[in-house]
Amino acid sequence: MAERTLRGARLGGQSFEDERGIEFAARQQVGYRCPQGHDFEITMSVEAEVPAVWECPRCGAEAESTAGIEREIKAEKPVRTHWDMLLERRSEKELEDILKERLELLRGGEIGPAHLHRATQKKRRASA
Ligand SMILES: [Zn+2]
C-alpha cells in the first residue's frame with residue numbers, strides 16, 4: 001500500500017512529504033451508489049481522473065458517482081436484440097396468439113420432437 005502510494009506520487013509529480021521524508025499523495029474520497037442502493041467510497045489520488053462508474057463491491061453492479069460525474073456518452077448505435085427485431089414485425093398480441101397456437105399444436109402432438117409425438121399420436125385429430 002505504502003509502496004503504491006509512493007510510486008503514484010512520483011508519477012503524478014506533485015508530492016507531499018512529512019518530516020520522515022515519506023511522500024504521500026493527496027487523496028480524496030469519491031462516493032458511489034449502485035442501483036441496489038449500496039453506498040461506498042473509493043479513495044483516489046486527487047490527481048486521478050475520477051471515473052463516473054465503479055463496480056459495486058457488494059453486488060458487482062455498476063455504481064454511479066454520487067458527486068454527479070457524468071458518464072461519457074459513447075456515440076454507438078443501440079444494440080438491436082432479436083426481441084427488438086421481432087417486435088418490428090409483430091405486435092406482442094400477435095406473438096401471444098402465435099405462441100398459443102404453437103403450444104396447442106405441440107400439446108396435440110402436431111409439432112415438436114418425435115419422441116414427444118409418439119405418446120400423443122393416438123389423440124391426433126384427423127381434421128388438423
Ligand atoms: Zn451494489
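Is Cys 59 buried, partly exposed or exposed? Cys 59 is partly exposed, with a relative accessible area of 37%, where buried means under 20%, exposed over 50% and partly exposed in between, using a 1.4 Å probe and protein chains only. This is a predicted model, in which local features need pLDDT of at least 70 and side-chain atom pairs count only at pLDDT 80 or more, while totals for chains, interfaces and linings use all residues. Residues are numbered from 1 along each chain as its sequence is written, and side-chain values use heavy atoms, with hydrogens and water left out.

**The zinc site**

- The zinc ion has as its protein donors Cys 34 (SG), His 38 (ND1), Cys 56 (SG) and Cys 59 (SG), at 2.1 to 2.3 Å; donors are N, O and S atoms within 2.8 Å of the metal (3.2 Å for Na, K and Ca), and sites may look incomplete because water is not among the atoms.
- The arrangement is tetrahedral because the four donor atoms subtend angles of 104 to 116° around the zinc ion, the criterion for four donors being that all angles lie between 85 and 135 degrees.
- Along the chain, the donors follow the spacing C-x3-H-x17-C-x2-C, and the pair His 38 and Cys 59, 21 residues apart, links the loop between S3 and S4 to the loop between S5 and S6.
- The UniProt annotation "binding site", from an unreviewed entry, covers Cys 34, His 38, Cys 56 and Cys 59; its positions are given in the numbering used here, feature names are shortened, and annotations may be inferred rather than shown by experiment.

- Leaving aside neighbours within four places in sequence, Cys 34 is in contact (heavy atoms within 4.5 Å) with Cys 56, Cys 59, Ala 61, Glu 62 and Ala 63.
- With residues up to four places away in sequence not counted, Cys 56 touches Cys 34, His 38, Phe 40, Ala 61 and Ala 63.

**The strands beside the site**

- Cys 34 lies in the loop between strand S3 (27-33) and strand S4 (39-45), strands being DSSP runs of E with at least two residues, numbered from the N terminus.
- S3 and S4 run antiparallel and are joined by seven bridges, where pairing requires that DSSP finds at least two bridges between two strands.
- S3 and S4 form a hairpin with five residues between them, and Gly 37 in the turn has a positive phi of about 90°.
- Phe 40 in S4 is the bridge partner of Tyr 32, and Phe 40 also belongs to the covered face of S4 with Ile 42 and Met 44.

Terms used:
Helix = DSSP H or I, 4+ residues; strand = E, 2+ residues; numbered from the N terminus. Tetrahedral: all angles 85-135°; square planar, octahedral: opposite > 155°, others 65-115°.
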